[in-house]
Amino acid sequence: MGTRLFTGLTVMVVAVAASLSIIEFGPTGDRMARLGVGYTSKIVCSGVFVGHRDPQSVIDRDLPLVSRMFFRSQVDHEKKLVVSSLIFGFYSSMAVYHGPYTGCSAIPDMASYHATDGPKFSRFQEAVARRAIQNNEKVAKTKEMWSQNINTAVQQVVDGEFTAEAYDQAHTRALLVVQRGQIVAEGYATAHAPDITAATGLLGWSMTKSIMAILVGMRIRDGRMKLEDVVYKGYTLRSLLNMADALPIPEKYGMTATMPLLLFARRDMMAAIENYDGPHFRKTLGASDWYYSSPLANLISHALRRSFDSDEDYWRYPRERLFNTIGGESIVMETDQAGLFIGSSFSYATARDWARLGQLILNRGTWNGERLLDSEYVDFLLRPFKGSSGIYGGQIWCIPSEPLPDNASAYLRYERVSVERLKTAVPPGTCYFSGHQGQFVIMMPSLQTVVVRLGHTNGLTPPHDPSKWTDWQPTWNITGFLRNVLNNLDRN
């Protein structure tokens, strides 16, 4: 009793100190508080209503310590929303689930949500509900595509990632190996986190960029977009997909950085990009024009939105034209409060449905005989952009075939560290989707294999000091895992 009382008083004292510090730090403290409540409400809302997970599990396993200590979340299952507040209620933010077409949105501007944004989403959900039977019939035709042909040796490799020791180290949540359209190994962290199963939708973070690229290719095939279209201030669709240009917004994260604020504490991503007045990023990329940029992915989403006659058509398109066609019933892309799909960061799916997206690329854009992407567009997605030194195509990462140029910038040298490690474990021609905290969909055309890894793993990015790169060891050894899988995979 005394220990619990002491612990409770300690947390209260720390919370008061934190609250006073936010006030003391003025604008910086204000940014930290708004980001904190926005992040907490959004992650909990999506985990519960999109991922179908237990609220306390999401709080305990998905939120950082600072969020668990200083922010409190209330989950309203009836209204399908989450309100998170700083302890003692100085700041609060809401996130609302709109349904499987648009997922959860962070709602930092509650006044405009109740006046205009909310009713628009509600009208849309009422309209698509009437189409549900037709859509479900299409999903049912393909959702059971995967048959199982378990490779015992590969399954043992996968099982080894879910021992208590391995899970405590890397927090891997799902692993799936598909070869020639059959599941040869599969595993989930259910023994350590009971609400994470084969049916759990998990956040892909930046793998959303690759979904956005697929959707753009479908609109190109529809005749509504072209790679050479100028879509934003002189940027072509091609240059955005290749990340051949850079906005002034730095790709940095942290409690006071800009990108998290755009994702979790702004009503309108596009307006925030247009009105950005923070520290101005200066390109220092030497001979390269390539810079990995999440805002560029959201400009792509904005261009996709403009290719439709209405927001309703834009919101329906991913599910009705792509996800339902490939049987990806669990896949959900999410919008901001203003209705823009956050093409950089917010999508959820089960491991099997992430594999479907990878299989679509392996199939060169076809699914069950239906062509969704032109073959030439798939070539574009997988062709490394020269300025990236061979590591990035069209919103899809590549394994470089050429050595790093002698005149490569410090930025490119840093970006190639992890890719070079991966290169040692996979065959030439491998490409992959990649997301924060160790999300991967790895496609190996020569082996007709897709490997999916989903997790909640920090410590996967190399240190910035080049002298430490040789000795650096990531929290999860992706190269070791892939070597073990490929050593036991059927090569016939």
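Predicted model: local features only at pLDDT ≥ 70, side-chain atom pairs only at ≥ 80, totals over all residues.

Visitor: How many helices and strands does the chain have?

Guide: Helices (H or I, at least four residues) and strands (E, at least two) are DSSP runs, numbered from the N terminus. Here the chain has 18 helices and 18 strands. Buried means under 20% relative accessible area, exposed over 50%, and partly exposed in between, with a 1.4 Å probe and protein chains only. Of the 492 residues, 58% count as buried. A contact means heavy atoms within 4.5 Å. Among contacts in the chain with a separation of 6 or more, 66% are between residues 24 or more positions apart.

Visitor: How is a sheet read, and what is the strand order in the sheet of 4 strands?

Guide: Strands of a sheet pair through backbone hydrogen bonds, either parallel or antiparallel. Two strands are taken as paired if DSSP finds at least two bridges between them. The sheet of 4 strands is open, with the order β1-β2-β3-β4 and antiparallel pairing. Its edges are β1 and β4 (104-107), each with a single partner strand, so one side of each has no neighbour in the sheet. From one strand to the next the twist averages 20 degrees.

Visitor: Which bridges and turns can I check there?

Guide: Strand β1 (residues 71-76) pairs with β2 (residues 81-86) over 6 bridges in the antiparallel sense, and Q74 has V83 in β2 as its bridge partner. The hairpin of β1 and β2 has 4 residues between the strands, and K80 in this hairpin takes a positive phi near 55 degrees. Strand β3 (residues 92-97) is joined to β4 by 4 bridges, also running antiparallel; A95 is partnered by A106 in β4.

Visitor: Which helix lies across β3 and β4?

Guide: Angles run from 0 to 180 degrees between N-to-C directions, and axes are lines fitted to C-alpha atoms, for helices over the stretch in contact. Helix α5 (residues 110-129) lies across β3 and β4, at about 5 degrees to β3.

Visitor: What is the strand order in the sheet of 7 strands?

Guide: That open sheet has the order β5-β7-β6-β18-β17-β16-β15, and its pairing is mixed. β5 (147-148) and β15 (397-398) are the edge strands, each with a single partner, so one side of each is left without a neighbour in the sheet. β5 runs parallel to β7 (residues 182-188), joined by 2 bridges, and S147 stands opposite Q182 in β7. Helix α7 (residues 152-160) lies across β6 (172-179) and β7, at about 20 degrees to β7.

Visitor: How do I judge the length and setting of a helix, for instance α15?

Guide: The expected span is 1.5 Å times one less than the number of residues. Helix α15 (residues 351-362) has 12 residues and reaches 16 Å between its first and last C-alpha, close to the 16 Å expected. In α15, 11 of the 12 residues are buried, so the rest of the structure largely encloses this helix. Just after α15, R364 takes a positive phi of about 55 degrees.

Visitor: And α13?

Guide: Helix α13 (residues 294-306) has 13 residues that should span 18 Å, and its end C-alpha atoms are 19 Å apart, which agrees. Of those 13 residues, 11 are buried, so α13 too is largely enclosed by the rest of the structure.

Visitor: Is Q359 buried or exposed?

Guide: Q359, in helix α15, has 5% relative accessibility and so counts as buried. Not counting residues up to four places away in sequence, Q359 touches W146, V178, G181, W367, Q448 and V450.

Visitor: Is K226 buried or exposed?

Guide: K226 is exposed, with a relative accessible area of 57%. This residue lies in the loop between α9 (208-221) and β9 (230-232). Leaving aside neighbours within four places in sequence, K226 is in contact with I220 and L237.

Visitor: How many cavities are found in the whole structure?

Guide: On a 1 Å grid over the protein atoms alone, a cavity is a set of points where a 1.4 Å probe fits but cannot get out, and lining residues have an atom within 4 Å of a point. Grid points are joined across faces, edges and corners, and a volume is the space filled by probe spheres set on the points. The search finds 2 cavities of 30 Å³ or more. The largest cavity holds about 170 Å³ of space. Its lining has 16 residues, and D62, R173, L203, W205 and H456 are the closest to its centre. Helix α2 (27-50), β8 (202-203) and β18 (449-455) each supply at least two residues of this lining, with α2 giving the most, 3 residues.

Notes: Residues numbered from 1 in each chain as written. Heavy atoms only, no water. 1 Å grid on protein atoms, 1.4 Å probe; cavity = no way out; pocket = protein on both sides within 12 Å on 5 of 7 lines; lining within 4 Å.
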